[in-house]
Amino acid sequence: MPPVLLAVAHGSRDQAAVSSTRALLRLVRSLRPELTVRCCFLDLAEPSLPRALAHLAGERPVLVPLLLGTGYHVRVDLPEALAAAGLPRTRLARALGPHPLLAAALADRLAEAGAPPGAPVVLAGAGSSDPAAVADTGAMARLLAARLGRPVTAAHLSAAAPTPHRAVADLRAAGNSRVAVASYLLSPGFFARRAATTPAAWTGRPLGAHPAVARLVLHRYDEALAAASPGFRRHCPGEFPRAPDPPGLPFGPGRRNPATGGFMSAR
């Protein structure tokens, strides 16, 4: 049996966000039925990462962060959790983004919202005080621009500039009367609601349970497993070509939630 895929989401008090994460993982399971897929959260939802690792003691799972960029969680929090569970760093996959598969999903969400092919686009990421996370959003904007064949402006819903509201306003002031916003978010919740308040004519919904995101989760799992087991090669229906990722980006600071012991995004 292949090792368990333990997906690690950020977590939220918003049940719609938790439900969206679980829907994504149901899709992952449908793509590879022979693989055991489990879910846990860094903060604000259960099961927690330490609880999930304790439950899987002896099974040597591969952790796949359901996070859209690099940062403190991937560099420090998750390796620390693996070490505490007696597992090597090689059992940790890379963050999901930036990646061309996410560009495909974002393009679909824009099309679903009704955005026409010529509309200028603002990519609305969650935002962070971590320069690496900001750089990741910029890299994702470039991948989306390549996918759409037109410029995409990177924006941040917190902690960094420009905000989506400012980016949309600037595009309108430049003569673009109708602008589209691509929500670079995995789940509904606070940031998705904030993204929907810009004066954009169209706003794509969060990525959620999109098939391209599910394929990317499996791609990250396969990468980590191949790195840990050089002779590994997956044989199963539905294999897809592995698109090259942008060059790796540095990591930055983050912090724990002192009230819960969980992990908070750097802001």
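## The chain as a whole

In this predicted model, buried residues account for 52% of the 267 residues in the chain. The secondary structure comprises 8 helices and 9 strands. Of the contacts in the chain between residues at least 6 apart in sequence, 74% join residues that are at least 24 apart.

Three strands form an open sheet in the order 2-1-3, and their pairing is parallel. Strand 2 (37-41) and strand 3 (62-66) stand at the edges, and because each has a single partner strand, one side of each is left without a neighbour in the sheet. Neighbouring strands of this sheet are turned against each other by 30° on average, with direction ignored.

Strand 1 (residues 5-9) and strand 2 run parallel and are joined by 5 bridges; within this pairing, A9 stands opposite F41 in strand 2. Helix 1 (residues 15-31) packs on the sheet, where it touches strand 1, strand 2 and strand 3, and the direction of helix 1 makes about 160° with that of strand 2.

Strand 6 (residues 180-184) is mostly covered, with 5 of its 5 residues buried. In a regular strand the side chains alternate between the two faces of the sheet.

Strand 6 pairs with strand 4 (residues 121-125) through 5 bridges, the two running parallel, and V121 stands opposite A180 in strand 6. Strand 6 is also joined to strand 7 (residues 202-203), again in parallel, by 2 bridges, with V181 opposite T203 in strand 7. Strand 6, helix 7 (residues 190-195) and strand 7 together make a right-handed β-α-β unit.

## Helix 5

The buried residues of helix 5 are A132, D136, T137, G138, A139, M140, A141, L144 and A145. These buried residues pack against helix 4 (100-112), strand 4, strand 5 (152-156) and strand 6, and strand 4 and strand 6 are themselves joined by 5 bridges.

## The loop residue H210

H210 lies in the loop between strand 7 and helix 8 (211-228). Is H210 buried or exposed? With a relative accessible area of 7%, H210 falls under the 20% limit and is therefore buried.

Leaving aside residues up to four places away in sequence, H210 touches L24, L27, A105, D108 and R109. The C-alpha atoms of H210 and A104 are separated by 9.6 Å, although the two residues are 106 residues apart along the chain. A polar atom of the H210 side chain also lies 2.9 Å from the backbone nitrogen of A212.

Definitions and conventions:
Residues numbered from 1 in each chain as written. Predicted model: local features only at pLDDT ≥ 70, side-chain atom pairs only at ≥ 80, totals over all residues. Heavy atoms only, no water. Pairing = 2+ DSSP bridges. Helix = DSSP H or I, 4+ residues; strand = E, 2+ residues; numbered from the N terminus. Axes fitted to C-alpha atoms, helices over the stretch in contact; angles between N-to-C directions. Contact = heavy atoms within 4.5 Å. Buried < 20%, exposed > 50% of the residue type's maximum accessible area, 1.4 Å probe, protein only. Right-handed = clockwise from strand over helix to strand, strands pointing away. Polar contact = N/O pair within 3.5 Å; in protein donor to acceptor, adjacent residues only side chain to side chain.
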